[in-house]
Amino acid sequence: MAFLEMKHVTKRFKSVVANDDVSLSVEKGEVHALLGENGAGKSTLMNILYGMYDQSEGEIYFHGEKVHIKDTKQAIELGIGMVHQHFMLIPALTVIENVILGLKENNMVLDLNSAAEKFKEMAKKYNMEIDPWTRVENLSVGQQQRLEILKALYRNADLLILDEPTAVLTPQEVVGLFDMVRKLTSEGKTVIFISHKLAEIMEICDRCTVLRQGKVATTVAIKDVKNKEDLAILMVGKNVELVTRKKEATVGEEILRVENLCAVNQDKRPVLIDVSFSLLAGEILGICGVDGNGQSEMVKCITGLHKVKSGKYFIKSTDCTNETPKQVLKHKIAHIPEDRHRMGMIKSMNIEENLILMCYDQPPYSKHGILNWKWIDKHSEELCKTYNIKTPSIKEMAGNLSGGNQQKFVVGRELDRDPDLLIAVHPSRGLDIGATKYVQSRIVEERDKGTAVLLVSTELDELLELSDRILVMYGGKVMGIVDQKVATREYLGKLMAGITE
């Protein structure tokens, strides 16, 4: 009997069938990949296993016994832990408060100090040390990812579900995560690994189940798969171009100039120190660095979301320092934000309403303050078709879409605005290989049209493939700007670690 068996599981959301007669078998101590395009039903299936959804049909066997997992509390008690694509953390609480939240204490007194000691020992064991007394809102995205994994382990998870675990990690952090996964499986724990990154599945996983349109297409042993191209064909059902092609850049006028930009965080600690660079029309400047080294604050300063302490920035020679976000957008700037849920969309509004958020007060979207719904309906349908956004209709609530489809409509909305300056932060985060290549080719098209593109990514491969120049940040400072033709992973990796020699 397998360690975990899901038999003939079906999940319906009204008229939408997210999982259709899915059977999955996972052995103890293996890393089992779940692979599929955006909206293929991977996260839904795992949310059923974790007790967040109830299946419409089918059975689950865990440790050889039939279980009906009613809620996440029961899943945790069974020894199932899940790290979601969008973290389930409370920013205002400390690390240790998040870890023990909802746990039963043996005595009536809450002993945070001994919980913190236990947490520190466990974090040290897995080389993922985090200060238990830090507030979660002050952690980088990579640290939050590690905290979610440690939180599950603290609750004695035997089966760990990782949903897109490397989407927010740097190459160095990915190596650390994989070392930890190997350590967990060597201790007899089992990992289900949801990912779109084919090279990672080839490296870390033992077997792979492929979902296509809610159904199981196949399950294969990774040792029987020749290369990631074969894996891509299994996922999509046809050949996929794995390289984004681009010609030499033809640059024009200066679109963005940043001069000695300095900024501080809430605790008055410097997060940007004398950042200076220039960006021309028709080029892609990649911003590279470990998450939490000032890239996020720099983008927020330029888009009016964070106050500049000193220094200036100019958009087409106009000083825009400390303008409001609304004023900044009027300079023909489009912004694909780093966190689609907090900054890019409103989950409780439908797709169409989200698609008009930036332009609802301008023609042809509206006239004399009255929305032109006939035109908006038609245009929204066209955008969904162009960006292959899988949705029952444009009236569907944005929060009901898969993470990848949410990302696609945010990208589509921003590129549709015909910007002079496109600021794209992790544009392909959570996208499958086909959607990633489509979005990347659209960004290159923007650059070829003469748009200046500021591309922030933790994916070195993406930066090396798309950028014309790459700016590396460390500790809020610019470590160097490297021409893409001479940039290597090793050299960029050193600069990302603050080594300039």
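Is the crossing of α4 and α5 left-handed or right-handed?

Tutor: This is a predicted model, in which local features need pLDDT of at least 70, side-chain atom pairs count only at pLDDT 80 or more, and totals for chains, interfaces and linings use all residues. Residues are numbered from 1 along each chain as its sequence is written, and side-chain values use heavy atoms, with hydrogens and water left out.

The crossing of α4 and α5 is right-handed; that is, the near helix is turned clockwise from the far one by less than a right angle. Helices here are DSSP runs of H or I with at least four residues, numbered from the N terminus. Helix α4 covers residues 112-125 and helix α5 covers residues 141-154.

Two packed helices are described by the angle between their axes and the distance between the axes. For α4 and α5 the angle is about 110° and the axes lie 11 Å apart. Axes are lines fitted to C-alpha atoms over the stretch in contact, and angles run from 0 to 180 degrees between N-to-C directions. The two helices are therefore roughly perpendicular to each other, a term for angles of 65 to 115 degrees.

Contact means heavy atoms within 4.5 Å. On the α4 side, the residues involved are Ala115, Lys118, Phe119, Met122 and Ala123; they meet Leu147, Leu150, Leu153 and Tyr154 of α5. By class, this contact has eight nonpolar residues, one charged residue and no polar ones. Here Ala, Val, Leu, Ile, Met, Phe, Trp, Tyr, Cys and Pro count as nonpolar, Asp, Glu, Lys and Arg as charged, and the others, Gly among them, as polar.

Strand β20, residues 452-456, is another part of the model: five of its five residues are buried, meaning under 20% relative accessible area with a 1.4 Å probe, protein chains only.

Methods. Parallel < 35°, antiparallel > 145°, perpendicular 65-115°, else oblique. Buried < 20%, exposed > 50% of the residue type's maximum accessible area, 1.4 Å probe, protein only.
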